[in-house]
Amino acid sequence: MGEEMSRKPYVREVPKHTWFFRHPRYMRYMAREITCIFIGAYTLLLVKGLGALAAGQAAYESFLQGLQGTGSVAFHVATLVLAIYHTVTWFNVTPKALPVQIGEEFVPNGVIAGAHYAGWAVISAAVLLAAGVF
Amino acid sequence: MAKSNKPIVWGLFAAGGTVSAFVIPALVVVTLLAALGHAPAGLSYQAVHGFASHWLGKLMVFGVMFFSLWGSAHRLRITFYDFGVRADGLVATVVYLVAAAGSVATAMYLMQL
């Protein structure tokens, strides 16, 4: 079909594996994508912990013990950094994904994002409080 | 119009991204303390068991796990594609199966509490 329409169709070459090195914007996009690897792996770790909890006190306490170690700390730190990056980038695009209109006017982006940041602060404080961190 | 499952998987992705954005950073801080050998009191067997035994606790745990798993699975599928892996059918099957298995396991563990 393409050949009928144009004898020399312009095909823009896109390198399959290295395209995102071409522009910082693409790199930031890929950084956002990579957050899911750590968040997904972390959630599976929580499922494992829940399994240990269901198996009884001894299993749960050995799961908590097993969390200790340099590799685990490194994984947690990487996950924390990427999870925060995910949260910030997610809330910053929320006004674009969910524009709120009141009457003729749209609610300003800053208000929608700000409400999400406030909710994040409240939920984080509740989780840390419930966990006895402070 | 052709039938598409896109609204369903995209809806789960949006919900998953939102749920994980709100709760994952704080949860990671809690388990990071445990990884450092300073597990806070709220991570004791009694405390966590008590929380997850209550129906409201079960609902919260399942909601966080379910949405976080499906959001991550969908994003991981797109990530594979963006890195040049074009076997989308296979990738989608594997990541959604892992998310489904994790969700079923979560529900089963919660029912045992």
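**View 1. Helix α1 of chain B is kinked by about 40° at B:Val23.** The kink in α1, which covers residues 6–35, comes shortly before the proline B:Pro25; the bend at a residue is the angle between axes fitted to the seven residues ending there and the seven starting there. Just after α1(B), B:Gly37 adopts a positive phi of about 90°. This is a predicted model, in which local features need pLDDT of at least 70 and side-chain atom pairs count only at pLDDT 80 or more, while totals for chains, interfaces and linings use all residues. Residues are numbered from 1 along each chain as its sequence is written, and chains are lettered from A and ligands numbered from 1 in the order in which they are written.

**View 2. Chain B is built from four helices and zero strands.** Its pattern along the sequence reads α-α-α-α, where helices (H or I, at least four residues) and strands (E, at least two) are DSSP runs numbered from the N terminus. The radius of gyration of chain B is 17 Å, whereas a compact globule of 113 residues would have one near 13 Å, taken over C-alpha atoms and with a globule rule of 2.2 Å times the number of residues to the power 0.38. Along the principal axes, the C-alpha atoms of chain B fill a box of roughly 50 × 30 × 20 Å.

**View 3. Chain B meets chain A through 48 of its residues, with 46 residues from chain A.** Residues are in contact if their C-beta atoms, placed from the backbone, lie within 7 Å. On the side of chain B that touches chain A, α1, α2 (45–53), α3 (55–82) and α4 (88–112) each supply at least two residues, and the largest share, 18 residues, comes from α1(B). That side divides into 32 nonpolar, 14 polar and two charged residues, with Ala, Val, Leu, Ile, Met, Phe, Trp, Tyr, Cys and Pro counted as nonpolar, Asp, Glu, Lys and Arg as charged, and the others, Gly among them, as polar.

**View 4. Helix α5 of chain A (residues 109–130) packs against α1(B) at an angle of about 30°.** The two axes lie 9 Å apart; axes are lines fitted to C-alpha atoms, for helices over the stretch in contact, and angles run from 0 to 180 degrees between N-to-C directions. The residues making this contact include A:Trp120 and A:Ile123 of α5(A), and B:Phe22, B:Val23 and B:Pro25 of α1(B). By class, the contact of α5(A) with α1(B) comprises eleven nonpolar, two polar and no charged residues.

Notes: Two residues are in contact if their C-beta atoms, placed from the backbone, lie within 7 Å.
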